[in-house]
Amino acid sequence: MTQRSPFGLILALLMIFGAGFAAPTVAQTGPLRIEITEGVIEPLPFAVPNFVAENGAAGEFAADIARVIASDLSGTGLFREIPASAHISRVDSFDAPVAYADWKAINAQALVTGAVSASGDRIVVKFRLFDIFSGQQMGEGLQFVGTPQSWRRMAHKVADAVYSRITGEGGYFDSRVVFVSESGPKNERAKRLAVMDYDGANVQFLTDSSSIVLAPRFSPTGDRILYTSYQSGFPKIYLMDVASVQARALGDQPGTMTFAPRFAPNGRTVVFSLEQGGNSDLYTIDTESGALGRMTNAPSIETAPDYSPDGSSIVFESDRSGTQQIYVMGAGGGEPRRISNGPGRYSTPVWSPRGDLIAFTKQHQGRFHIGVMRTDGSEERLLTASFLDEGPTWAPNGRVVMFSRETAGAAGQSSLYSVDISGRNLRPVASQGAASDPSWSPLLP
Amino acid sequence: MSYAMKAVLLVAVLGLAACNNPDRFGAGGAGGAGGAGGINSTGLGGANDPQSVAYFQQTLGDRVFFANDQSTLSDEARQTLMGQAQWLQTNSNYALIVEGHADEQGTRQYNLALGARRASAAQNFLVSQGVAGNRIRTVSYGKERPVEVCSTEDCYSRNRRAVTVLSLGAGS
């Protein structure tokens, strides 16, 4: 049904102590720096010449790796690539001195150079980052070792390191997204679980289209996926092991609907909605013992729960006030506190992995928005507006959210988009066809 | 209805149930009340035979509709469900699944919960009219299975529904 998952792949991470490279590590407060929080207007110009192929077998990767790095960095909206056609210098050897003047002349502020060697089932990718206007290397060179099939991951790791050094933030490129792949007409939509790299590459299907599947969610380590499936004829939560693609029902109670599951940061507890007699409340289940715990007991709809990254709180939506609003409660229970206060309906809250913000869906005056607010509900900021945006999921570094956008009408289709939490850089995410309900994995090891 | 005709109809029901999508029968079904194509019931003589599934679907009406973001039964919905309840007491060999549906104006999980509310409202009313509770199951499809695909109130009003889908084996 699926290819072998790249999860579990271990990339060796080695420092390069190359001869002739006594360059000190440049502090991150150095001149080459993007302060994301201050709002970047002008993307930082950078160059990534094709990596040097250090042997014949590496030739097929040398250009592709540079292209993936460039695409990762440009895709953030924070960087702008200077195309190879404008380059004055060629980089023919990884250890050759950098011709700073040539890169300065085309206004490249950052330069990424690299090399690849390949032998058998192993490729080695190494890179260096240079601050052109300071005339020095930025940070130490790094080397990644992996299988030839993992070349994209190694490129993403290089881009993550570059992004991280220049912005001071964690990266998010070496990550995956689980989502629902959609096909067929609107009144008989076929839905399959699929995973892909964050940039849409390496799509793998995890289920066939015989049952409706909804809202998959990664575990905190990305090794398991929670989702809702109609495979029994009724909506139930399932827990799938990504590597084996084996799934089992979780917390199945006869005569109930279970949905909207989400892992606690401990990777063991799951919070979810259980519907019985038309009423939906929040419960927890221990995935190992199967022990159930009831979190809410109200005649209103309580759903879409998510944990704070420290595991101490649960954010969820409830219509107990008459319309959908966002509430926070202790993970051990207690009285929920409403945090959404603007006009309209608020739903699908998700806690940022940094802990500082909650992203949500908002419906107001016939439009849907993705927005963020602080965890006390203050400083609400709407990032998007469309006929139907819903279900944000956070990038591992808490700087970007991905969500579903559906177009109106009989031919309406859903696709994935991402947007920076500043509201900039709204862009479609490739997914090989219609897609919905994305869930972003953590950064891969 | 002859035994043979009933058998044909029941085979059709089973075949559709095997598609794991009960709404297909209710939605397109036996010449049914709307939406996408399905099985053409012409020749089953159904809609005029008061004991037929087609009669239940078309003449009595197999579905009730709801206001936006609501799960309260209207007077019209109650009338329809009373008719269903009477028929179900006469035709006690059927079990039923009440499907709750929502229009696309809402987030996925909320619409699942809302669909469940609607199905439950219809179920409770049928029980109050004498249908045995153990004959009825409910399922919510949220916004996953609209019968109308346009994005206007006209379509939305027909998607906000609870559909009573019959199947074999009530055993009572």
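Let's start with Ser92(B), which sits in the loop between helix H4 (75-90) and strand E2 (94-101) of chain B. Helices here are DSSP runs of H or I with at least four residues, strands are E runs of at least two, and both are numbered from the N terminus. Before going on, please keep in mind that this is a predicted model, where local features need pLDDT of at least 70, side-chain atom pairs count only at pLDDT 80 or more, and totals for chains, interfaces and linings use all residues. Residues are numbered from 1 along each chain as its sequence is written, while chains are lettered from A and ligands numbered from 1 in the order in which they are written.

Staying in chain B, have a look at helix H5, residues 108-128. Its 21 residues, at 1.5 Å a residue, should span 30 Å, and the end C-alpha atoms are 30 Å apart, which agrees. The expected span is 1.5 Å times one less than the number of residues. H5(B) is mostly covered, with 18 of its 21 residues buried. After H5(B) comes Gly130(B), with a positive phi near 100°.

Over to chain A, and an open sheet of 4 strands in the order E20-E21-E22-E23, with antiparallel pairing. Strands E20 (302-307) and E23 (333-338) of chain A are at the edges with a single partner strand each, so one side of each has no neighbour in the sheet. On average, neighbouring strands of this sheet are turned by 30° against each other, direction ignored. Two strands pair if DSSP finds at least two bridges between them. E20(A) and strand E21 (residues 313-318) of chain A pair over 4 bridges in the antiparallel sense, and Asp306(A) has Val315(A) in E21(A) as its bridge partner.

E20 of chain A also holds Ala304(A), whose phi is positive, near 55°, although this residue is not glycine. Ala304(A) is buried, because 30 other C-beta atoms lie within 10 Å. For context, most residues other than glycine have a negative phi. Ala215(A) in strand E12 (residues 213-218) of chain A has a positive phi too, near 45°. Ala215(A) counts as buried, with 26 C-beta neighbours inside 10 Å.

My last stop is strand E29 (residues 400-406) of chain A. Why do I call E29(A) largely enclosed by the rest of the structure? Because 7 of its 7 residues are buried. Both faces are covered, by Val400(A), Met402(A), Ser404(A) and Glu406(A) on one side and Val401(A), Phe403(A) and Arg405(A) on the other. Strand E28 (residues 389-394) of chain A pairs with E29(A) in the antiparallel sense over 4 bridges, with Trp394(A) bridged to Val401(A). Their hairpin has 5 residues between the strands, and there Gly398(A) takes a positive phi near 70°. E29(A) also runs antiparallel to strand E30 (residues 414-420) of chain A, joined by 7 bridges, and Val400(A) stands opposite Asp420(A) in E30(A). Thanks, everyone!

Methods:
Axes fitted to C-alpha atoms, helices over the stretch in contact; angles between N-to-C directions. Buried ≥ 20, exposed ≤ 12 C-beta atoms within 10 Å, placed from the backbone.
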